[in-house]
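Please open the structure in your viewer and keep the selection tool at hand. The stops below say what to select next and what is to be found there.

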Amino acid sequence: MQHHILINIFAIFGVATAVIIICRFLNIRFIIGYLITGVLLSPNTSNLFANMEEVEVYAEIGIILLLFTIGLEFSFTNLKKIQRYVLGGGSAQVFFTIALTSVLIWLVMRPSWEESVFWGFLYALSSTAIVIKTLQDSNKIATPHGKFILAVLLFQDIMIVPLMLFTPIIAGVGDDLLTSLGWLLAKLVLMGGIAYSLARFVIPYLLKTVMKVQSQEVFLIALVFIVTGIALVTEQLGLSLALGAFIAGLIIAETDYNHMAISCFLPFRYVFMSFFFISMGMLLNYEIFMTDFGWIVFWTLFAFAVKAAAGILAVKVMGLEWKTALAVGFSIAQIGEFSFVLAQSGLQYELISANNYQIFLAVSIILMSVTPFVVTSAEKIYPLFEKLKTKHV
């Protein structure tokens with residue numbers, strides 16, 4: 001069993017290294033290289049990973065580690081600084097995306113209202129990892145559109161809690177609607193209470209005690225213990241392990257040891273990111289491009305257009321200028337990491353078919369692949385918009 005795991009790790013990072021080197025020479029973004037690596041190692045492509053459940057475990061580990069590092073860079077304190085954009089712009093973006101997606105999908109495809117709303121849930125989330133990394137790499141995180149994007153992404157990451165709790169409710173699983181909503185509220189209150197208690201009393205005391213040893217290795221081990229512990233608690237509450245890892249990051253970000261935690265995990269950040277995107281590629285069946293290519297193109301354009309429109313509307317609702325609105329709208333017009341967790345819940349509750357899940361993966365991977373190009377070029381959209389407006393006038 002140990003050799004089996006070692007062979008898998010050897011194959012994943014060996015193929016990834018080769019693909020990334022080729023991508024570097026061809027001037028292709030590394031994220032695309034990770035996704036290509038995943039497709040090459042997919043059980044549908046090679047016999048190395050014959051067990052699809054094993055691949056899903058790798059994907060979950062990847063997203064747990066990735067979202068913990070993202071949570072470390074955010075904090076409730078930072079949230080207060082941009083709370084107007086978070087609450088106003090973030091809620092507007094999520095609401096507009098769910099509403100537009102649900103109505104349009106219902107009009108075009110005529111599925112049940114439950115399926116339509118669930119697709120709205122999936123489209124409401126954008127990629128925190130890719131967008132934030134691209135903004136940081138291009139030094140645009142402090143720009144007006146960069147701050148608004150950060151606020152929207154923060155709100156989306158918080159919204160995963162009610163979205164995940166609402167998924168079984170709209171699927172009709174469990175008790176009646178009022179009882180389910182009651183349980184939803186109870187879980188939210190309980191989770192909030194646990195997070196507050198841990199952040200206020202338990203975690204600071206634990207880390208303070210650990211720091212007395214004056215060992216970075218022990219500090220790192222304690223962090224892993226905290227992450228896995230909180231992740232398991234959220235799973236027991238009926239939420240995801242990944243969400244727990246993100247909350248753990250937020251809690252540690254509130255302590256006096258947040259900078260040390262970031263410095264400890266920063267070297268591993270890109271390993272976690274690569275592991276997640278490779279895993280996403282492994283879940284994709286490349287044959288879907290041959291059987292449903294037309295639908296993939298349609299839903300890719302549909303998702304991009306709806307998400308861009310919802311983002312632009314959210315910015316304009318907040319009274320900001322068109323330059324910022326266009327840059328924000330186009331920058332967040334992709335599918336997010338948490339959407340994969342939601343999509344797997346949708347499969348479980350039969351809100352999405354296996355074939356549509358594969359189409360969703362293909363669309364997500366395409367949009368994620370073009371995101372770095374779109375984000376870095378987002379500020380160039382407004383001058384083009386102005387030229388077109390002048391011509392028509």
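Begin by selecting residues 293-317, which form helix H14, together with residues 354-377, which form helix H17: these two helices pack at an angle of about 50°, and their axes lie 9 Å apart. Helices here are DSSP runs of H or I with at least four residues, strands are runs of E with at least two, and both are numbered from the N terminus. The axes are lines fitted to C-alpha atoms over the stretch in contact, with angles running from 0 to 180 degrees between N-to-C directions. H14 and H17 are therefore oblique to each other, a word kept for angles that are not roughly parallel (under 35 degrees), roughly antiparallel (over 145) or roughly perpendicular (65 to 115).

To see what joins this pair, show the side chains of Trp295, Ile296, Trp299, Thr300, Ala303 and Phe304 of H14, and those of Ile359, Ala362, Val363, Ile366, Leu367 and Val374 of H17, which make the contact; contact means heavy atoms within 4.5 Å. By class, the contact of H14 with H17 has 11 nonpolar, 1 polar and no charged residues, where Ala, Val, Leu, Ile, Met, Phe, Trp, Tyr, Cys and Pro count as nonpolar, Asp, Glu, Lys and Arg as charged, and the others, Gly among them, as polar.

A note on the model: it is predicted, so that local features need pLDDT of at least 70 and side-chain atom pairs count only at pLDDT 80 or more, while totals for chains, interfaces and linings use all residues. Residues are numbered from 1 along each chain as its sequence is written, and side-chain values use heavy atoms, with hydrogens and water left out.

Next, select helix H5 (residues 83-109) and helix H6 (residues 113-124), whose axes come within 8 Å and cross at roughly 140°; H5 and H6 are therefore oblique to each other. Among the residues that make this contact are Gln93, Val94 and Trp106 of H5, and Trp119, Phe121 and Tyr123 of H6. The contact of H5 with H6 divides into 9 nonpolar, 6 polar and no charged residues.

Now move to Val152 in helix H8 (residues 144-170). Is Val152 buried or exposed? At 0% relative accessibility, Val152 counts as buried, a term for under 20% relative accessible area, with exposed meaning over 50% (1.4 Å probe, protein chains only). Leaving aside neighbours within four places in sequence, Val152 is in contact with Gly89, Gly90, Gln93 and Ile332.

Finally, zoom out to the whole protein, which has 18 helices and 0 strands, and of whose 393 residues 52% count as buried.
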